[in-house]
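Subject: Handing over a structure

Dear colleague,

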Amino acid sequence: MAERKKKLVKTIKVDVDKCNGCRACEVICSAFHAAPRYSSNNPARSRIRVIRDPMKDIYVPVYAGENARAECLGRDKYVIDGKEYEECAFCRSSCPSRDLFKEPDSGLPLKCDMCESDPELEKPLCVQWCQVDALTYGEREEEAEEEAEPGDVEVGVESLVDTYGWEKVMETVTRLSISKKD
Ligand code: SF4
Ligand code: SF4
């Protein structure tokens, strides 16, 4: 039986009780992603942001995830250990409802890339810079989704040609390529 492929999943566990809101993680993340690297730092460009409400002792480090093109219509408030967290406090999306996770100059969405670099870092920099262990790095292996074998693609093309004819298929592929370049 063919062995299923594995993929490496990187995770960062966030302990909101340990975070003291120092924002060192924001500083190092924005410096790492500056161009050239480490030439500047600006938390507004960071891919981790700390939701802070010192009066309520609330500090929530949040990693930038996927971009959402529309606002949520319903929102939740969480109360944990007697602390009420604001709506959107745990949300990782850049979305039209707030300025978080948007590149300040271009407005383009930012996303955590786990400090992708070559050679790879032993741990993401925000984890390394957090002095109180509020961020813990972990890795695990998961079975990867089966990818279509090239053979499957060939069979698919053949059946399209059988159904619509070679000329029609080529005409559609050419049209798609042109519209993708536009
Ligand atoms: S570096 Fe650690 S303690 Fe400081 S804000 Fe970030 S997560 Fe919180
Ligand atoms: S893992 Fe790297 S890219 Fe992601 S938030 Fe932390 S410092 Fe930024």
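Of the contacts in the chain with a separation of 6 or more, 59% are accounted for by residues 24 or more positions apart, two residues being in contact if their C-beta atoms, placed from the backbone, lie within 7 Å. Please bear in mind that this is a predicted model, in which local features need pLDDT of at least 70 and side-chain atom pairs count only at pLDDT 80 or more, while totals for chains, interfaces and linings use all residues. Residues are numbered from 1 along each chain as its sequence is written, and chains are lettered from A and ligands numbered from 1 in the order in which they are written.

The chain contains four helices and six strands, where helices (H or I, at least four residues) and strands (E, at least two) are DSSP runs numbered from the N terminus. Along the sequence their pattern reads β-α-β-β-β-β-α-β-α-α. The chain has 182 residues, of which 17% count as buried; a residue is buried if 20 or more other C-beta atoms lie within 10 Å of its own, exposed if 12 or fewer, and partly exposed in between, with C-beta atoms placed from the backbone.

The largest nonpolar core has 21 residues, and the members that touch the most others are C25, C29, I48, C126 and L135. Such a core is a set of buried Ala, Val, Leu, Ile, Met, Phe, Trp, Tyr and Cys residues joined through C-beta atoms within 7 Å. Two or more residues of this core come from each of helix 1, strand 2 (48–53), strand 3 and helix 2, and helix 1 gives the most, with four residues. Setting aside neighbours within four places in sequence, C29 is in contact with S46, R47, I48, L125 and C126.

As for the ligands, a residue counts as near one if its C-beta atom, placed from the backbone, lies within 6 Å of it. Ligand 1 is surrounded by 15 residues, the closest being C19, C22, A24, C25 and C130, and helix 1 (24–32) and strand 3 (58–63) each supply at least two residues of this shell. The residues around ligand 2 include C29, R47, I48 and C126, and helix 1 and helix 2 (125–129) each give two or more residues to that shell.

Finally, K5 lies in the segment before strand 1 (6–14) and counts as exposed because it has 10 C-beta neighbours inside 10 Å. The C-alpha atoms of K5 and E143 are separated by 5.9 Å, although these residues are 138 residues apart along the chain.

With best wishes
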